[in-house]
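This report covers a metal site and a nearby-in-topic side chain. The structure is shown first, and the text follows.

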Amino acid sequence: MEISFKFQILAIGVLMVILVDYLFSKRLPLISTKTFTLFWAASFFNLLFDILSVYTLNNMDTVPEWVNRLVHQFFIGSLDATVFLLFIYVCFISGAQKRLPKILVFAFSLPFLISVVFAMFAPLYYEINDFGAYSYGPMVNVFYISIAIYIVSIFVILFKKNNAYIGESKISDILPDFKRARVSIVVGLCIWIAVALIQFITRYWLISGMGVSLMAMYVYMRFENPREYSDSETGTYNRRAFHIMVPEMYARKKPFYMVSFTIDNIEQIQKSMGYDMTKSVLKQAAKQIAFAIPGVRLYHSRSHTLTAFIEERQQLDNLASGSELWNFKCTASTEDGIFFPTYHLTIMECPKYAANTEEAYDTLDYCLSQPSLRGEGKIYYITDEIIEQKNYRMAVLGVLTKAVKERAFNVVFQPIYSAAKKRYASAEALVRLQDTTTVGFISPEYFIPLAEEQGLIGQIGNIVFEKVCDFAAREKLWQLGIDYIEVNLSGVQSVDISLVATLTGIMRKYGVHPGFFNLEITETASIDGGDMLAHNMEQLRRMGCHFSMDDFGTGYSNLAQMAKVHFELIKLDKSLIWPCFGEDQDTEEPRIILDSCIDMILRLGVNIVAEGVETAEQAELLISKGVEYLQGYHFCRPVGEAEFVSAVKEMLAKAHA
Ligand code: C2E
Ligand code: CA
Ligand code: CA
């Protein structure tokens, strides 16, 4: 009879396409990827022996019996191996292997091992009829049973609930990967089973080998394709690859260093030289690092960070010592400008300083968020101290998030003394966290910037404003000689498009006139605020609100801008005042600066609040220079509502007396 290998040849062609594509692209050193390579090899062998077995069966008269048997052993054995490897592959990508005890791993290998034993010793029979040539007997049966067991197991693992896909970490952008893998493997298996059934029914087309390679091709294209992991613009691996690799590094149970290279001034580069240039800088950086550590895999882990996993201390030292010599620049072709990226390295020993995936991400993100851990060409080794700071921040973040949900903030009030009226004429509202047990007292100086960064400041600001309105309305503070309350507006809030509507709503709810508020905007925020700030200020001012420039003297003191944005009050920061009263007074400079600031502001016709007035001496001097309002511990600390009311009443009585 006539035999045709065209399907097998086609199948081999398909596998070759995968191989070529695979060889020429970047791969991750994942154990699942290695298993996939073995799976590929097994299906390749299966096809080869498929062809050979057809040949030997049809030429039994010329081919020695032992050769025929050997070919069949390899043919069915490689088919079993293919399915077995697919099973292991599925175990790896689903994370199931991490929780399996050794005994179970052995149990799962048993069907394969038993069929290998049968392949060696069990009898094998052949039949040749009009349809074609077949082999049958106990050896073949055992193999088919084994294959069936693995196929069923694959389905069980894929559809079992709570898969631990990436071990202990539940990164949401990885989970879709598992779902995609599941779909591609199921579809692949169905293709294969369908093709095998067609062969079984028609008994003529030798296409089951084609089925295996179609399955491999499908899984490859849908899931195992290395291109999914590469970041072509920088020539590194992408963020997704990073998130897959971190748990893999931990699963190896060997210590490693996570080395992150960060460009600090990437925003400036992007602004002045464009997005392409930032990519180019990262590409240059990747080259420099690869030069220091040949063969290193780099991951574009965060927008301006490249990360590598290093297992040897020696490589780390090479990198650290070489990094001083790096010099890459960005050159803009249009303006002939040259820009030098500033960068730093962060080195984290794992699992010593990050026990698992989640901690590793947290620490990496923490380091990237800290300005103190940035700096030209510096190398930062993660230490216990940094981890402690990170943990504190995480704990504060927990307290803060909970407090926002439960509105668990208090507002305290610090009276502001009027030198002209000789009594408290206003007060500054200052936020406090109610929870002082979880991590102790947390200064707003610490949690306000955190809240800004986490997008919580708007809600906190509203809670504070509402409490202030409630207090003012309840106590009718204006009847106690309080002309207005100073409320801090964060820079983030002050450029919020919904600011005016929210504040108006709250003031209406409590029936407090907008003229009773003086909103404090820091000097820095008022300069960075731009059009949105100007728009918000104008609308609020039209309703009657006033504005104070807070922390004058701590920003860039952009005087031109200052004159443009009008403020009713300017609050002199303590850093301008305190140096004038230090013990070791050998220069006149602080006083000259303070005097001229006061002079300038008064000549602009703006009132002054001096902050941080702690002594009578300070108060007297400031008053003599024409400062009208004074705020500080010398007069009163920030206090709760009841205490504030009695302090104000007491002072009022004194003023009248
Ligand atoms: P700030 O606006 O400059 O507030 C003045 C800070 O100086 C307050 O610290 C106050 O307690 C403190 N202070 C007042 N007098 C003295 C003094 O004589 N000596 C010393 N050493 N300190 C004095 P606090 O309450 O810890 O607030 C820190 C910062 O947190 C504030 O600085 C402000 O920027 C921010 N903040 C506080 N409450 C709020 C709020 O409700 N919203 C926003 N956005 N920020 C707030
Ligand atoms: Ca303030
Ligand atoms: Ca201030």
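What spacing do the donors of the calcium ion (ligand 2) follow along the chain? The spacing is E-x59-N-x31-E-x29-D. This is a predicted model, in which local features need pLDDT of at least 70, side-chain atom pairs count only at pLDDT 80 or more, and totals for chains, interfaces and linings use all residues. Residues are numbered from 1 along each chain as its sequence is written, chains are lettered from A and ligands numbered from 1 in written order, and side-chain values use heavy atoms, without hydrogens and water.

Glu428 (OE), Asn488 (OD1), Glu520 (OE) and Asp550 (OD) coordinate the calcium ion (ligand 2) at 2.1 to 2.3 Å. Donors are N, O and S atoms within 2.8 Å of the metal (3.2 Å for Na, K and Ca); water is not among the atoms, so sites may look incomplete. Asp550 also coordinates the calcium ion (ligand 3), 3.9 Å from the calcium ion (ligand 2).

Glu428 belongs to strand β13 (residues 423–433) and Asn488 to strand β14 (residues 484–489), so the pair ties together parts 60 residues apart in sequence. Strands (E, at least two residues) and helices (H or I, at least four) are DSSP runs, numbered from the N terminus.

Gln493 sits in helix α16 (residues 491–494). A polar atom of the Gln493 side chain lies 3.0 Å from the backbone nitrogen of Ser490. Beyond neighbours within four places in sequence, Gln493 has contacts (heavy atoms within 4.5 Å) with residues including Asn488, Leu499 and Asn536.

Buried means under 20% relative accessible area, exposed over 50%, and partly exposed in between (1.4 Å probe, protein chains only).

| Residue | Relative accessibility | Class |
|---|---|---|
| Glu428 | 4% | buried |
| Gln493 | 6% | buried |
| Asn488 | 28% | partly exposed |

Methods
Polar contact = N/O pair within 3.5 Å; in protein donor to acceptor, adjacent residues only side chain to side chain.
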